[in-house]
Amino acid sequence: MSTPAVSAPQGESPALLAAWREDLPASVVVFLVALPLCLGVALASGAPLLSGVVAGIVGGIVVGAASGSPLMVSGPAAGLTAIVLAGITQVGGFPRFLPAVILGGAMQVALGAARAGVIGYYFPSSVIKGMLAAIGLTLILKQIPHAVGYDADYEGDFAFVGASGENTFGAIGSALAQVQPGAIAVACIGVALMVWWPRSPMKQIRLLPAPLAAVALGVGLNELLLALEPTFAIRGTHLVTLPTTGVGGVLSQIARPDWSALRDQQVWMLAATLGIVASLESLLSLEATNKLDPDKRDAPANRELFAQGIGNMLSGFLGGLPVTGVIVRSSANVDAGARSRLSAIAHGVWLIIAVLALAPVLNRIPLAALAAVLLVTGFKLTTPSLWKSAWRLGWSHFIPFAVTIVAILFTDLLRGIAVGLVVGIGFIIAEHMRRPALTKVSPPGAVLTRYVLPDQVTFLSKSNLMQTLDALPAGCRVEIDGRKTTRFDYDALEALLEFRDTARSRNIDYRLVGIPETALTPAH
């Protein structure tokens, strides 16, 4: 008889080893997803391949242990590739780039100490949900070429224009023109297995999650093709490519920081860029992971900044790329049934073992098998129910949601979020401007018309305020009560005080109660 799953109280994480039956199998799934992503991000960044694996190891073991998030997984992120690629060239090589990673990590530690993690709470939920849906759609579109055996771009390339020079849709067209039957078979069977698994008796085998079974089946099917029908088998660049150099070779390839670069002002500017962008991406990923968590646990943002900073300092010291929280790995972790930080930590251990001992075995994994896992992960991130819920919440929620999706698909993650944020803020401002700045509290027909101001009167209230005052009929009696207002912006206060001159010229009995006097600034 199987042991019942360990359940923690709502909002709390189980003890690190309490849910190991769920976490260890999930960690293998995350490892299989993370390995090609680590190599691909390093390749796109113009850095040594092992620097991506080092960042994955540190992101798993160090950040996973220090983080307060039970489900988020950290590692090298595609969102930083452009900054890293340009930075390595700018400062004169990868060893001179590493001190910038360390300094950027120190900045993140300082941001955590300054409680700057609150920034993540200022992103509208419409933008966060749009980010999740966009990542899901990007995963699907980017994995279609891998699923049919077209691997012109590295695994983990999420930019609209890929390394091959083709955009996302052009790559799909090229892929469909030169498909490989073996890759299609592996991908289709993998997707079918993952869809069928939760509805089958196999779901009771907690030590074998569906993604792991799909990858194992893909390897087995390809080995069968190699034996029976070699022309259909998947080979070469269509397989995971992990360097097979042994322990000595691995150690010799690890870069060391060139500390003389600290005399270069460009290194310090690059460090500030890395620290800010990596912090923002981690906070956004944390917020998104919190939404994906079935137990709805709210991980502390300031602790996350501290954990990411420690991770980046160590990654830079060990010759690794900068790390951030990564939503693709985190989503795969959630889908695989992880319950606690043990999954993220263990996936880092698997990366160490893979580099030192398992490269010949792992190099038999078809990228099409991993594409099957990511296709299903992508669909779960952009389910129709997510779109329906955004639509039901009205235009002010749906338009920023949709704009964020389109912007991310056609640019990249950070630019897309920035566009969605601007649109979301635009709707917030428009809503605030439509809200009445003056609330009428006197009964109909009263000789004195009384208005009450809200608790905050900002510059956004000025337009509505002026429209209400200008609409007052000549000869009326008006009282405006600001005793409950705790904050007056100068712009709104100026409008209230300057209207006294207009009121006299229109014979309006205009009274202000509880509104502070202030010296008005002349226009010239």
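pLDDT is the predictor's confidence in each residue, on a scale from 0 to 100. The structure is a predicted model, in which local features need pLDDT of at least 70 and side-chain atom pairs count only at pLDDT 80 or more, while totals for chains, interfaces and linings use all residues. Residues are numbered from 1 along each chain as its sequence is written, and side-chain values use heavy atoms, with hydrogens and water left out.

The average pLDDT of the protein is 88. A score of at least 70 is reached by 95% of the residues. Over residues 1–7, pLDDT stays under 50. For this stretch the model has nine contacts (heavy atoms within 4.5 Å) beyond four places in sequence. Where pLDDT is low, the predicted coordinates should not be read in detail.

The interior was examined next. A nonpolar core is a set of buried Ala, Val, Leu, Ile, Met, Phe, Trp, Tyr and Cys residues joined through side-chain atoms within 4.5 Å. Buried means under 20% relative accessible area, exposed over 50%, and partly exposed in between (1.4 Å probe, protein chains only). The largest nonpolar core has 68 residues. Leu-32 and Val-328 have the most contacts inside it. Leaving out residues up to four places away in sequence, Val-328 touches Val-33, Leu-37, Ile-135, Leu-139, Phe-158 and Leu-374. A second, separate core has 26 residues, including Val-63, Phe-94, Val-267 and Ala-307. In soluble globular proteins, nonpolar side chains tend to be buried together.

Leu-314 is part of helix α11 (residues 301–317). Helices (H or I, at least four residues) and strands (E, at least two) are DSSP runs, numbered from the N terminus.

A salt bridge is a side-chain nitrogen of Lys or Arg within 4 Å of a carboxyl oxygen of Asp or Glu. By this rule there are 16 salt bridges. One of them joins the side chains of Arg-364 and Glu-223 (3.1 Å, N to O). Arg-364 lies in the loop between α13 (342–362) and α14 (367–381), and Glu-223 in helix α8 (residues 210–228), so the pair ties together parts that are 141 residues apart in sequence. Arg-364 is partly exposed at 42%. Glu-223 is partly exposed at 28%. In another pair, Asp-481 meets Arg-483, with the closest N and O atoms 2.7 Å apart. Asp-481 is buried, at 7% relative accessibility, whereas Arg-483 is exposed, at 57%. A network of salt bridges links Asp-293, Asp-295, Arg-297 and Arg-339.

Backbone angles were also computed. Most residues other than glycine have a negative phi, and most peptide bonds are trans. Lys-296 is not a glycine, yet has a positive phi of about 55°. Lys-296 sits in the loop between α10 (265–292) and α11 and is exposed, with a relative accessible area of 52%. Asn-507, also not a glycine, has a positive phi of about 60°. Asn-507 belongs to the loop between α19 (490–505) and β8 (509–513). Its relative accessibility of 61% counts as exposed.
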